[in-house]
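Here is a short briefing on one chain. Look over the sequence and the model first, then read the points grouped by topic.

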Amino acid sequence: MKGAGAALPAVALLAVCACGGGVQRATVLAEPKAIARGPAAGEVAHRWAVVPGQSTFDVVGVDVMGGHHPIGFDHWKATVITGTKSKLFVEVDMTSARGESELVTRLLKVDLLDVERYPRATLEGTIEDGVVEGNATIHGVTKGLRFRGVLQREGDTYRFVARFRISRDVFGIHAKASWDGLIEDDVHIHVDARAREERVTAEAVPGD
């Protein structure tokens, strides 16, 4: 899924899907972490905005029969802040979720994600030594998470790459209908995002 119609994360963080074998499962922390949204006093920080057209965010749902169901989001924004410790902030418009058909999209948005009640999902965290540690808020539930993710400079951009899975049960994502049992629990997310610098100091991030 690429271009303006692709969804970053978040947060994704942010739909029902299942994992492939061997993909790390994010660790659920005992409690959410406190993530400072701006630079520390005296810190020189730089703010980078993720470019949808140069980024991918792949989410694939798997049913018990092994069928794969891609899920995307048409509206999202994300920011990377580099400084003493790099940070990632993601916000996803859950009402822009889409599946491979109108039926799947309706079931996803109405019966599973309940986007009218929970229209927004977020991810915020620090990135250090190949580990992302922070908080994900999905379906109205906030959990502290830790997973592997690499942030590196490539020319005039920063590139962030992560592949991990989380349980939808942790975030209370269940359909009331009987077909809920046909959906695998794990959420598989693969992010490959590029960000360009916006301005020298980090003052505002998604959600401010």
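Helices (H or I, at least four residues) and strands (E, at least two) are DSSP runs, numbered from the N terminus. This is a predicted model: local features need pLDDT of at least 70, side-chain atom pairs count only at pLDDT 80 or more, and totals for chains, interfaces and linings use all residues. Residues are numbered from 1 along each chain as its sequence is written, and side-chain values use heavy atoms, with hydrogens and water left out.

**Overall make-up**

- The chain holds one helix and 13 strands.
- Along the sequence the order is β-β-β-β-β-β-β-α-β-β-β-β-β-β.
- Of the 208 residues in the chain, 48% are buried. Buried means under 20% relative accessible area, exposed over 50%, and partly exposed in between (1.4 Å probe, protein chains only).
- The chain exposes about 9,700 Å², and carbon and sulfur atoms supply 51% of that area. Accessible areas come from the Shrake-Rupley method with a 1.4 Å probe; for residues, only the protein chains shown count as cover.
- Take the contacts between residues at least 6 apart in sequence: 74% of them join residues at least 24 apart. Contact means heavy atoms within 4.5 Å.

**Helix α1**

- Helix α1 spans residues 102–112, and T105, L108 and L112 are buried in it.
- Seen down the axis of α1, these buried residues fall within an arc of 110 degrees, so they line one face of the helix. The arc is that of the directions from the helix axis to the C-beta atoms.
- An α-helix has 3.6 residues a turn, so residues three or four places apart point the same way.
- E102, L103 and V110 are exposed on the other side of α1.
- Cover for the buried residues of α1 includes β4 (68–73) and β7 (97–98).
- I71 sits in strand β4. I71 counts as buried, at 7% relative accessibility.
- I71 and T105 are 34 residues apart in sequence, yet 8.5 Å apart in space, C-alpha to C-alpha.
- D114 follows α1 and has a positive phi, near 50 degrees.

**Largest pocket**

- Its volume is about 330 Å³. On a 1 Å grid over the protein atoms alone, a pocket is an open set of points with protein on both sides within 12 Å along at least five of seven lines; a cavity is a set of points where a 1.4 Å probe fits but cannot get out; lining residues have an atom within 4 Å of a point.
- Grid points are joined across faces, edges and corners, and a volume is the space filled by probe spheres set on the points.
- The largest pocket is lined by 13 residues; H69, V104, L112, W179 and I183 lie nearest its centre.
- β3 (56–62), β4 and α1 each supply at least two lining residues. α1 gives the most, with four.
- By class, the lining has 10 nonpolar, two polar and one charged residues. Ala, Val, Leu, Ile, Met, Phe, Trp, Tyr, Cys and Pro count as nonpolar, Asp, Glu, Lys and Arg as charged, and the others, Gly among them, as polar.

**Cavities**

- The count comes to three cavities of 30 Å³ or more.
- The second largest cavity has a volume of about 40 Å³.
- M94, L113, Y118, I138, H139 and I173 line the second largest cavity. That lining has five nonpolar, one polar and no charged residues.

**Positive phi in two loops**

- H139 is found in the loop between β9 (131–138) and β10 (141–148). Phi of H139 is near 60 degrees, a positive value in a residue other than glycine.
- H139 is buried, with a relative accessible area of 15%.
- D129 lies in the loop between β8 (120–128) and β9. Phi of D129 is positive, near 55 degrees.
- D129 counts as exposed, at 76% relative accessibility.

**Strand residues**

- A78 lies in strand β5 (residues 76–82). A78 is buried, with a relative accessible area of 6%.
- A78 and E91 are 13 residues apart in sequence and 6.2 Å apart in space, C-alpha to C-alpha.
- V131 lies in strand β9. V131 counts as partly exposed, at 29% relative accessibility.
- Leaving aside neighbours within four places in sequence, V131 is in contact with T126, R146, F147, R148 and G149.
- V131 and G149 are 18 residues apart in sequence and 5.4 Å apart in space, C-alpha to C-alpha.
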